[in-house]
Amino acid sequence: TLIGGDWKSGWSNKLMMLEFKCGSMIEFRSYDQDAQAHAGPPRHCIYFDEQPPPGIYAENRARTLRYPGSHMRFALTPIGLSWVYKDIYKRRNEVEPYDLNNGSSQDIEVFRWSTRDNSTISEKQANTVLSGYSGAMREAREHGSFVSLAGRIYDSYEQTTHKTKGITRDELGGAQIFLGIDPGIRQPAAL
């Protein structure tokens with residue numbers, strides 16, 4: 001139960017904190033804040049919604065080192081091979097400790113769920129959302145897999161299908177040649 005029995009009494013805008021009668025509290029922080037805003041006294045549990053910037057992760061990691069059994073949790077769609085993939089996920093089975101705030105990879109557990117495991121959306125809704133993605137992005141969105149978003153522009157490109165035999169200068173005549181590339185992450189394209 002909240003202090004005072006309601007949200008208005010239990011919530012502090014100044015501290016961005018919700019307090020409960022039992023003495024527990026929930027602090028809310030944002031990735032828009034400076035990493036120093038995440039510093040403070042020790043905490044038993046830190047939850048991240050999506051991948052935090054490394055500095056914010058480091059500040060929060062330091063807050064969980066004092067209490068045995070403290071933990072940090074991430075809920076995220078793993079878009080790209082970010083620092084979370086390289087420094088945490090990829091090293092989750094290592095026996096030797098890694099250097100990220102003296103954390104030990106022995107205490108890393110990974111749980112993955114599919115979009116289709118979400119009981120609050122129908123199969124039709126899942127298909128509608130996922131139909132907008134293909135290849136690696138769909139794998140990340142549907143199954144929670146870390147995938148590389150670098151490399152070939154078109155996942156389905158095949159030289160035998162998409163490459164022409166070439167054209168000679170004489171065959172071009174006086175035609176103009178245009179070349180373009182859009183290295184955008186969301187909608188890369190080549191012309």
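In these legends, two residues are in contact when heavy atoms of one lie within 4.5 Å of heavy atoms of the other. The model shown is predicted.

**View 1. Helix α5 and its cover.** The buried residues of α5 are Met137, Ala140 and Glu142, and what covers them includes α4, which spans residues 123–130. Glutamate 142, at 9% relative accessibility, counts as buried because buried means under 20% relative accessible area. The side chain of glutamate 142 meets that of arginine 138 in a salt bridge, with 3.0 Å from N to O. Both residues belong to helix α5, which covers residues 135–143, and because they are 4 residues apart they are separated by about one helical turn. After α5 comes glycine 144, whose phi is positive and near 70 degrees.

**View 2. The salt bridge between arginine 63 and glutamate 27.** In this pair, the closest N and O atoms of arginine 63 and glutamate 27 are 3.0 Å apart. Arginine 63 counts as buried, at 4% relative accessibility, whereas glutamate 27 counts as partly exposed, at 25%. Both residues also take part in a network of salt bridges that links Glu27, Arg29, Arg43 and Arg63. A search of the whole structure finds 6 salt bridges.

**View 3. The salt bridge between arginine 116 and glutamate 123.** Here the closest N and O atoms of arginine 116 and glutamate 123 are 2.6 Å apart. Arginine 116 counts as partly exposed, with 29% relative accessibility, and glutamate 123 likewise counts as partly exposed, with 47%.

**View 4. The largest nonpolar core.** This core has 12 residues, namely Ile46, Phe48, Ile56, Tyr57, Met72, Trp83, Val84, Tyr85, Ile88, Tyr89, Ile108 and Phe146. Strand β4 (45–49), helix α2 and helix α3 (83–89) each supply at least two residues of the core, and α3 gives the most to it, with 5 residues. Phenylalanine 48 is one of the core residues, and when its neighbours within four places in sequence are left aside, phenylalanine 48 is in contact with Tyr31, Ile56, Tyr57, Asn60, Met72, Arg73, Phe74 and Ala75.

**View 5. The sheet of strands β1, β2 and β3.** In general, the strands of a sheet pair through backbone hydrogen bonds, in either a parallel or an antiparallel sense. The sheet in this view is open and has 3 strands in the order β1-β2-β3, with antiparallel pairing. Strands β1 and β3 stand at the edges, each with a single partner strand, so one side of each is left without a neighbour in the sheet. The pairing of β1 with β2 is antiparallel and runs over 2 bridges, and the bridge partner of serine 12 is methionine 17 in β2.

View 6. Met16, Ile26 and Phe28 make a nonpolar surface patch of about 230 Å². Methionine 16 is placed in the loop between β1 (11–12) and β2 (17–19), and at 30% relative accessibility methionine 16 counts as partly exposed.

**View 7. The whole chain, for orientation.** The protein chain has 7 helices and 7 strands, and from the N terminus on its elements run α-β-β-β-β-α-β-α-α-α-α-α-β-β. Of the 191 residues of the chain, 23% count as buried. The chain exposes about 14200 Å², of which carbon and sulfur atoms supply 52%. Among the contacts in the chain with a separation of 6 or more, 39% are accounted for by residues 24 or more positions apart.

How values were computed:
Residues numbered from 1 in each chain as written. Predicted model: local features only at pLDDT ≥ 70, side-chain atom pairs only at ≥ 80, totals over all residues. Heavy atoms only, no water. Patch = residues over 30% accessible without salt bridge, like charges linked within 9 Å, V, L, I, M, F, W, Y side chains within 5 Å. Areas by Shrake-Rupley, 256 points an atom, 1.4 Å probe, with all protein chains shown as cover. Salt bridge = Lys/Arg side-chain N within 4 Å of Asp/Glu carboxyl O. Buried < 20%, exposed > 50% of the residue type's maximum accessible area, 1.4 Å probe, protein only. Core = buried A, V, L, I, M, F, W, Y, C linked by side-chain atoms within 4.5 Å. Pairing = 2+ DSSP bridges.
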